[in-house]
Amino acid sequence: MATVKEYNVEEKLVAVLKLQKIDSKLDEIQILKGELPMEVRDLEDEIEGLNHRQAHIEDELKSITDFVAAKKAAIKEAEALVKKYEKQQDNVKNSREFEAISKEVEMQNLEIKLAEKHIKDANEEVKEKARILEVAKKAVADKETNLKHKKGELEKIISETDNEERAFEKQSEEARTKVDPRLLQAYEKIRKNYRNGLAVVTVIRDSCGGCFNAIPPQRQAEIRHRKKIVVCEHCGRIVVDNDLEATVTI
């Protein structure tokens, strides 16, 4: 059977403190990147949405253009029928035929007027859609310019920190294997609770280095003796003494 290594308290503290120092370096790199990764993703999503909208407007414009073309063709057809009926009126034999043809001419003229109204309305709609399309194109262009700038910033930071980040990530993975499993679980939980990622802190001017609440002298003595793991009674962070902190390097 494989034996499970037993850690004394000081070894546990050293291991978790070293992990904290490594993870804090990784946190610093993420802070350096700031909100850039999120901003880049958001801009990419916005541009994709605007491109979909632009394509939709272009489809609508094509549909309206086709509609106008159909109405223009209908006008030509109606005008041809009017000319045909007008010629027929010259050869009618009685008033009934003349009246019937006159109604057909009137009907075709009404069709022409209706088609012209549809064309006028459609052209107004084309103007409005074209205006909206220009706004969408400008929005895409602006956001693409912004995206290029943000990506440039992010790529520069990544190029400057990539090797360092990879090295710290490897160190972090190795350091985790050396931390007592139950302590590691507590460490991970504490880190998630605080934006600065500090789960292990030192005593600063008789106070917790995480929440800055006062630590009683007796508790400070327990921290210095390293006989047990001491957590801040206010924020729950693991507290170590400054001498130990000074000896742990990465």
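Guide: Let's start with a term: two strands count as paired if DSSP finds at least two bridges between them. Keep in mind that this is a predicted model. The part to look at is strand E1, which covers residues 200-204.

So what does E1 pair with? One partner is strand E2, residues 207-208, and the two pair in the antiparallel sense over two bridges. To find one of these contacts, go to isoleucine 204, whose bridge partner in E2 is serine 207. E1 and E2 make a hairpin with two residues between the strands.

The other partner to look at is strand E4, residues 238-240. Three bridges join E1 to E4, and these strands run parallel. Here you can pick out threonine 202, whose bridge partner in E4 is valine 240.

Is E1 mostly covered or mostly open? E1 is mostly covered, with four of its five residues buried. Buried here means under 20% relative accessible area, while exposed means over 50%.

Have a look at its backbone: phi of arginine 205 is near 50°, a positive value in a residue other than glycine. Why point that out? Because most residues other than glycine have a negative phi. Arginine 205 also counts as exposed, because its relative accessibility is 75%, and the cut-off for exposed is over 50%.

Aspartate 206 sits in the loop between E1 and E2 as well. Its phi is positive too, about 65°, although aspartate 206 is not a glycine. And how open is aspartate 206? With a relative accessible area of 46%, aspartate 206 is partly exposed.

Before you go, here's a quick look at a pair of helices elsewhere in the chain. Two packed helices are described by the angle between their axes and the distance between the axes. For helix H2 (residues 36-89) and helix H3 (residues 95-176), the axes come within 6 Å and cross at roughly 165°. Angles over 145 degrees count as roughly antiparallel, so H2 and H3 are roughly antiparallel to each other. Their crossing is left-handed. As for the residues in the contact of H2 with H3, they divide into 33 nonpolar, ten polar and 20 charged.

Back to where we began, then: E1 pairs with E2 in the antiparallel sense and runs parallel to E4, and arginine 205 takes its positive phi in the hairpin of E1 and E2.

Methods: Residues numbered from 1 in each chain as written. Predicted model: local features only at pLDDT ≥ 70, side-chain atom pairs only at ≥ 80, totals over all residues. Heavy atoms only, no water. Buried < 20%, exposed > 50% of the residue type's maximum accessible area, 1.4 Å probe, protein only. Axes fitted to C-alpha atoms, helices over the stretch in contact; angles between N-to-C directions. Parallel < 35°, antiparallel > 145°, perpendicular 65-115°, else oblique. Left-handed = near helix turned anticlockwise from the far one by under 90°. Nonpolar A, V, L, I, M, F, W, Y, C, P; charged D, E, K, R; others polar.
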